[in-house]
Each structure stands twice: as structure tokens, then as C-alpha cells.
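Here are my notes on the model you sent over.

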Amino acid sequence: MNPDPIILKIDINDYTPMMQQYISIKRENLDSFVFFRLGDFYEMFFDDALDASRILEIALTGRDAGSKDRVPMCGVPYHAANNYIERLVAGGYKVAIVEQVEEPTAGKGIVRREVVQVVTPGTIMESNGLSEKENNYIGTVSVYPDQLMLGFCDLTTGELGLMALPLEDIHIYNQIITLGVRELIVAPELLQNDFYRRLREQYNIVLSVEESSEVSKEMRAKMQQVSDVRGQLTLARLLNYLERTQKRSLEHIQQAAIYETDSYLQMDAHSQAALELTKTLRGNAKTGSLLWLLDQTKTAMGGRMLKKWLERPLIDKAEIEHRHDFVACLQSEYFIKEEIKESLKFVYDLERLLGRIVYENASGKELAQLRQSLRQLPVIRELILRLPYNRAHDLANGIDTFDELLATLEQGIVDNPPPGIKDGGIIADGFNDELDQLRDARKNGKTWLAELEAAERVRTGIKTLKIGYNRVFGYYLEATKAALANIDEDLISHYDRKQTLANAERYITPELKEKESLILGAEERMSLLEYEIFVAIRQQVKGYTQKLQQAADSIATVDVLASFATVSEMYNYVRADIIDGHELAIVDGRHPVVERVMEDAEYVANDCKMNNTTDILLITGPNMAGKSTYMRQLADIVIMNQIGCFVPATKAELPIFESIFTRIGASDDLFSGQSTFMVEMMEVNMALKHATKKSLILFDEIGRGTATYDGMALAQSILEYIHHHIGAKTLFSTHYHELTVLEEQLPRLHNVHVSAIEENDQLVFLHKVKDGSVDRSYGVHVAQLAHLPNEVIQRAQTILGSLEAQRGDSKQLDLFAAPENETVTVTAIDADTQAVLDELAGLDINQLTPLDALNALGSVLGKLK
Ligand SMILES: Nc1ncnc2c1ncn2[C@@H]1O[C@H](COP(=O)(O)OP(=O)(O)OP(=O)(O)O)[C@@H](O)[C@H]1O
């Protein structure tokens, strides 16, 4: 919004009292569009009018407001405001809604108006922009000398969370980006801080200021599990902002959950992006991601939970195995699983429904959806109890049956309630005696009117005589002038003429008016009463908030696990054996997404075996052979296993990994303003600093972004460092074939290669991972496949030929003859020299006379010449 707004420069005394009221409110809400309610419109003035008319493409007009010039103005109709609010909020703006908060009284001056709610990107409750399978988080960060704290909340579902993180910026960026926080609450003094500026500029995160961390008693109660004062202060700022902007009941906000980041498999945002866990790298879409593949969930809650599980895989063996057990049970009981899935289809988004009901934003439609969902709960509960699962009771107990609430909703709400809440028609017949009586009265009144109309037609002989209604006269009798001209006036002498139209006359009679007041009185009382009953039912639902949230959580869990069982069945996944220690053995592993999206070719399954004598696999192979796919495949298998799913292989034994570090493909620019190579090195640094024996490291062609010698030197020293100091399971792909000699020096490093063969001068990719290494990358062949001009290809082939001739047979450059003081030296030795050395080593000098020794020396020296 305009950093130098007109609203601050004008003299408030120049304006009418109403505009003065607007100006004062706007000055208090400079960061929001102020929607100022006047009659049936929300009006905007000054800067807001100029900006909003442009953004929303609505007409800019002006209004006399006491000053010399007209004030710029634009407005949106009250009944269509939601659409405009959503559009502004989707664009990252905030909207402060100002309503009249008292009834106008004669002679008291202008009515009081106040902000009744501020709608912001992180607090919007209902919008087309809210994805049903994603959370909408608002967060806040506190910085302490030894750690950072992140508090976050999804107002639509009531989730509240707290995380303590190490002090480095990167951790908090990772979390904020992984969670997808849309709005961050910042203490005023930090607003200009670089950290926040980058979040705003690079990730479109909206920043909002909150000065106070005082919270109400109601909100304090949400922090019972948070013993740490810093955590309390962090959440307090967030909750205070929510209360201050929403100004209504936030009872549905749940007890704060504390997330210990080291209780989950740790992955930074870059790794999650590179592995395409929840969205693809290109296109940023869900389709094509692992989430997309695994998502066979039937409910929105399940969809959101699956996404969270993928972002936070487990590291506790028992917990993972419980999930596996459940998936196995569902697989063995196919029909129960299918019945569960069928029932889940009828369960609406309980978390968000409840949020809207508690927030008083819900209509009869939401209550009907709640009813529909509650009908399914006992069914799902029973189905779970029929499963041979050792924790079936615990899971089923999470799903209460809500008999009383369901009875109220069954009896109280009509089948298809209308969208509005004040126009009646929501409450079913037979639920409330008074309402039934009023409905009868109205019905009788209407029957009476119909009878009167029929009787008067007969009595007067005017066949077209009819009873009508308008807001000014109420009910009236209407006859055309032509018809009236033909009858005896006495017949209508007791009619009282109310209105003359061009062709007709309208009349009222005392008895018509009497019935009218009965009918209208009943209607007015009825809509009031219906609203009261609606509010009472809503209140009753609120009483079940916690239990419903718990049920939602259990339903979501069942939904995700049923989804795992389904995909595991569809795509032939197997349950991995989780083993203690660090060995892994995957037989016929596949990349879950690549194998699904391949159109005409068959995916080639590959083993991956890394026992205690293998920490590092150094992967060589031609371009396009499938090196990156093989690396990603392992990460996907590890993650799928640790979220509780089965894995794409025919057999798998896996340890539990506590963290995954990847450097694959182009990086998301978390470290802004740095070159690609610099970012690569920073990411390598993160891995080398934080990885442990229980980590998985995937390094794809590290070092390629700089001069060949620098790149190779770095690659070797990084491999040595991982080998000597970390011991993490590591896949390292490279086109520096010189590195493969490291296998001789580093006992826990093994060479593998992805094979390809040359047939008739054509390269055929076999995609099969085999032991040993290759010494060619076939880059020129791949360039040919990409249809580079023939001239370029031929010239490249010539140059390649001459370079290879210069290099000779050796895979290795002198570079690798590292100086003596290095921990590892890999010396360049060609085949002839090696043969000589072997011959020398084969001599037994204890058995040789001095002459024999001299002869032998002479012979090997001869070979060297
Ligand atoms: N196991 C496999 N079975 C079948 N096709 C595969 C397999 N692995 C990879 N592919 C196919 O080969 C393509 C290239 O794979 P990938 O990107 O992993 O190659 P790469 O060796 O890393 O190449 P580069 O060295 O050029 O980066 C993939 O897009 C996929 O279509």
C-alpha cells in the first residue's frame, strides 16, 4: 500500500463528521483496505479508493465530504462483498470491515462505526483461494540468544503449534516455507529487518505487526502444555493478533502442540523441493509429486494430514511399525478397507466445518454437512474394530459417536437447508412446538386467503379478482377496471380503495388486514425463533469442539492409512523390514513417480545394497542413464517407509534415517543473492556440518559448477570427509571418472554405474545399476539425441578424440597425486608402470643372489623404456 498516504496529510477538521469518522478509523488501519459500511454498500475513500478501483476494476467516483475537493470513492455492494474481500486477500492485502455498531437515534449525531473484523491472508476462513487439502497458516517468530521459536496456527482448522529451532536463519526459512505460512506476525521493531524483508519479497509472505503479547484468559488456556516462557510469549503474540483482528469466539483453536524438530526425519526445504515431495520442481504443481501419487484420501482432513506426514516423516520405529501394521491389516481385509473408504466419502471436512460453526460463520448447510458426517462415524468405528489390528481399540476410541448431537441435527435441521441463516426454513417441523404453531398459523392464514379469493370471485362474479401482496400495503384485493365496470358497486361497498393503477384497482378490507397481521406477525416471530433455535444448536455443537477435533484427527489418520493400503496394492509395494543399525538392502527398487508416468517404456528396477562395509556409492554412467533417478528413488523409498507406507520394491530392509541432505538439480534460492555454485557449496556445508551416521546424503554431480580441477578436487575431498568423519549412507553421482579410483583408497566407498551400451554407433540406455565404474559419459551422444547441429556434433567428436588421445589410458589426472601430507593420496599410475611395479613386488629378495637381483632390475628397467 502507498507508503505516503494522502490520508495522513489531510486536515481532519476540513471534513464532515462522517468522513472524520472514516479518517480516524483508516488512520488506525493503515495496512488494510477499510470497507466502510454505508447502507447497502461498503465504501472506500482516498488512497483505498484509488488502489481498490484499480485492483478490483470497479468504478472510481467521488463524494462531497465538506472539503473543497470531492473525495475519491469507490464501493462494493454489501451482499457481494465476500468476493471482493477474497480477491484482495488473495492478492496479499488485508481488509478491515467497518460496521455500524449501534442503532441510529434521532438527534444523536452520526452512529458509531467500528472495525468488526480484519480479514487477512492468514486468517481468512472461507475462500475459493483456500485449498481444501492444504492448511492456511499464520505464524510468528521470536528470536532469542540461543534459539528461534516459531508459533503457527491454522484458523480454519484450529491447529496451533510451536517449534524451537536452532539459531541459524536457514532453519526458520525452511520451516516457514515448508509449512507454507502465508502471514507472519512481527514485533514492530523487527518489521524492517532483512530476514522479514526477504520473506516478504521472495516468498510473498504478508507481514503484520503486533505490539502486545498480552492474551486473554481464554487464549492463555490454549497453552497448557507449553511450560517454556519463551514459547508462551511467542504464542501469545500470535493469539493476541488473532483475537484483536477477529473479534469473536476462537474457541476452536486447539491446545498448542509442541513439535520437537528432532522427533522427525529432518529435511530442509530444498531437499523437499528437489525430491518433489509435495509439488513438482517445474510448474510448482501437486500433479507429478509424491503427494499426488500417494493421495487416495477421501477426505480433506486426510489430504492435509498426508501432506504433513510427508513433510515430517517419523523416526520412531514403534510408531512407524504401528502404521505399517494398520496398512497390512487393511490390505488383508480388503472388503473392510473398501467399506471404510466408502464411508469416508461421506465425511465432510469436520475440522473446517467446526471452525466455521464456532466462528459463527456457518449456515444450516454446514449443520447438514456435519450431520451427514456424524452419521458415518459409528460405521467407521465399527469397521475399525473388526480389523485384526492390535491398536484398533485406541484408534476407534478416538472416534466418538455423538449420539445426542446427531439426534438434535437429525430432528432439528431440514434435509436441504437454505444458504441464509436469517430467512428461516432451516429448522425441521416437529422440533419446536412454538415454531410448529406459528407455521400452522401462517399456513392457515394462507389457506384462508386462498379461500377468500375463491369466495370473492364467486360473490362478485369477477373471475380475475386476485389477492396480491406488496411491502407498502400488505395484502390487497385487485380487480381490473374493465371487470369492475361490469358489476354492481354495492357488491364491493365494504372494500376500501387503496391504490389505483392504469388498468386495475386495489382494495383492502378489515378482515383481510386482521389476517394479514396474523400472517406477518407469525412470519416475523418465526424467523426470529428459527434463528434462536439455530443459535442454540450451534451452541450445542460448540460444546463438542474438542471431541469433534479428536474424531477429525482419527478419521484423517484412518483415511491416510487406507490411502497407503490402496496405493500399495495398486502399485505392488512391499512392507519394508525396519532393522536396527545402518545396513540397507533394497531388491528391485523403483522410483514411485517415474515408474507411473513413463508412457511407452518399462521402468527398470534396481537393487541398492549398502551394508556395514559400504557407506558411499559412487555412481558413474552416461548422461541420461538414470543416476539422479536412482538417487531420488532411494530417498523416496526411505521417506515412504518412514511415513508408514509400503515401498516400491520386491523386498526391502531399511534402517531408520534421521535426516536427509540432498544436492540434486537446481536449487531453490534460499540463500538469496548467491551464485549457483555458492549455493551448492552452502548446501554441501549444511550436510557436512549436520549429517550423522544416521543420515542419508544424496550428492548429484557436486563440483560441476566450477573449473574442472577445482570441482574434482572438492568432490574428492568431500567424499573423503564423509568417509572419514561422518559415515552417513551417501549416494554420489559424478562424471569425473577419475574419482572412481578412490574405491581403492576408501574401504567403505564402492563404485557402481548405470549401464548403457553402444549399438551401431547408437547409445542404448539400460538403466541398470551394476557394480564397478564406467569411464565415459557419452555426453556427445546425448547431445546428438538432443538434435544439436551435425556440424557441432562432428566437431565435438573430433575434439573429444584428440583430448582422449592426449590423456592416454589413465582415468586419472595428476591432480589426484595429492601431496604427501594429505590424509589420502591417490597417485596416477599407468598400466605399464603398474605391470613393472607388480613384477617388482613379486620378487622374493631373500631368495635372490645379488647377481639375480641385478638381472631382474635390468629386465624391468628395460620394460619401462
Ligand atoms: N530405472 C529406470 N528405468 C527406466 N527409465 C529410467 C530409469 N531411470 C531413469 N530413467 C529415464 O531416464 C531419464 C534420465 O534419467 P536421469 O535424469 O536420472 O539421468 P542422469 O543419469 O542423472 O542424467 P545426467 O547425468 O544427464 O544428469 C529419466 O527421465 C527417465 O525417463
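1. Let me start with aspartate 146, which sits in the loop that links strand 7 (137-143) to strand 8 (148-154). Keep in mind that this is a predicted model.

2. Two backbone angles are worth a look. Phenylalanine 46 is not a glycine, yet its phi is positive, about 50 degrees. This residue belongs to helix 2 (residues 46-56). Phenylalanine 46 counts as buried because it has 23 C-beta neighbours inside 10 Å, where 20 or more are needed.

3. The other angle is at glutamate 701, again not a glycine, with a positive phi of about 55 degrees. Where does glutamate 701 lie? It is in the loop between strand 24 (695-700) and helix 24 (708-726). Glutamate 701 has 20 C-beta neighbours inside 10 Å, so it counts as buried; the cut-off is 20 or more.

4. Now helix 1. The 12 residues of helix 1 (residues 17-28) should span 16 Å at 1.5 Å a residue, and the end C-alpha atoms are 17 Å apart, so the two values agree. Its buried residues are Met19, Gln21, Tyr22, Ile23 and Lys26. What do they pack against? The partners are strand 1 (32-38), strand 2 (41-45), strand 4 (71-77) and strand 6 (113-119). As background, an α-helix has 3.6 residues a turn, so residues three or four places apart point the same way.

5. On to the ligand. The shell around it has 14 residues, with Asn623, Gly626, Lys627, Ser628 and Thr629 the closest. Helix 22 (residues 627-643) gives the largest share of that shell, three residues. By class, the shell has six nonpolar residues, seven polar and one charged.

6. For the domains, the assignment lists domain 1 (6-119), domain 2 (137-263), domain 3 (295-360 + 376-402 + 544-570), domain 4 (433-537), domain 5 (577-775) and domain 6 (831-864). How far apart are the C-alpha centres of domain 3 and domain 5? They are 35 Å apart. In the contact between these two, domain 3 puts in 14 residues and domain 5 nine.

7. Looking at the domain 3 side of that contact, helix 10 (300-311), helix 11 (317-332) and helix 20 (545-570) each supply at least two residues. The domain 3 side is made up of nine nonpolar, two polar and three charged residues.

8. Last, the overall picture. The protein has 29 helices and 27 strands. Its radius of gyration is 38 Å, whereas a compact globule of 865 residues would come in near 29 Å. Along the principal axes, the C-alpha atoms fill a box of roughly 155 × 70 × 65 Å. Of the 865 residues, 39% count as buried. Among contacts with a separation of 6 or more, 68% are between residues 24 or more positions apart.

Definitions and conventions:
Residues are numbered from 1 along each chain as its sequence is written. This is a predicted model: local features need pLDDT of at least 70, side-chain atom pairs count only at pLDDT 80 or more; totals for chains, interfaces and linings use all residues. Domain bounds come from an automatic or database domain assignment. Two residues are in contact if their C-beta atoms, placed from the backbone, lie within 7 Å. Helices (H or I, at least four residues) and strands (E, at least two) are DSSP runs, numbered from the N terminus. Ala, Val, Leu, Ile, Met, Phe, Trp, Tyr, Cys and Pro count as nonpolar, Asp, Glu, Lys and Arg as charged, and the others, Gly among them, as polar. A residue is near a molecule or strand if its C-beta atom, placed from the backbone, lies within 6 Å of it. The expected span of a helix is 1.5 Å times one less than its number of residues. A residue is buried if 20 or more other C-beta atoms lie within 10 Å of its own, exposed if 12 or fewer, and partly exposed in between; C-beta atoms are placed from the backbone. The radius of gyration is taken over C-alpha atoms; the globule rule is 2.2 Å times the number of residues to the power 0.38.
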